[in-house]
Amino acid sequence: MNKARLQGLSAGIIFTTTIFAAFYYGTGKFEGTTPTAEEAKKTVQPKDPDKVLMEKEASKEAPSSLPIQLK
């Protein structure tokens, strides 16, 4: 591929992307896609209750990170 073809291909990709972005922005297709706070909490919280219990037990058994003082 020579330089002119490569520049033309790059310009075409940029132009096409701009057209799609303008369409979605202009028609409002992106509105309503942002999750609410409740929806975000549901996706972050693990769904497996056994996993939650295992993590709690592991944190209890883990040694403390406080330095040990020798007398």
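**View 1. The protein chain of this predicted model has 3 helices and 0 strands.** Helices (H or I, at least four residues) and strands (E, at least two) are DSSP runs numbered from the N terminus. The order of elements from the N terminus is α-α-α. Residues are numbered from 1 along each chain as its sequence is written. Because the model is predicted, local features need pLDDT of at least 70 and side-chain atom pairs pLDDT 80 or more, while totals for chains, interfaces and linings use all residues, and side-chain values use heavy atoms, without hydrogens and water.

**View 2. Confidence along the protein chain, given as pLDDT (the predictor's confidence in each residue, from 0 to 100).** The mean is 77, and 62% of the residues score at least 70. Helix 1 has the highest mean among the elements (91), and helix 3 (residues 49–61) the lowest (68). Where pLDDT is low, the coordinates should not be read in detail.

**View 3. A nonpolar surface patch is formed by Met1, Leu6, Leu9 and Ile13.** Together these residues have about 450 Å² of accessible area (Shrake-Rupley method, 1.4 Å probe; for residues, only the protein chains shown count as cover). Patch members have over 30% relative accessible area and no salt bridge (a Lys or Arg side-chain nitrogen within 4 Å of an Asp or Glu carboxyl oxygen); nonpolar side chains (Val, Leu, Ile, Met, Phe, Trp, Tyr) are joined within 5 Å, like charges within 9 Å.
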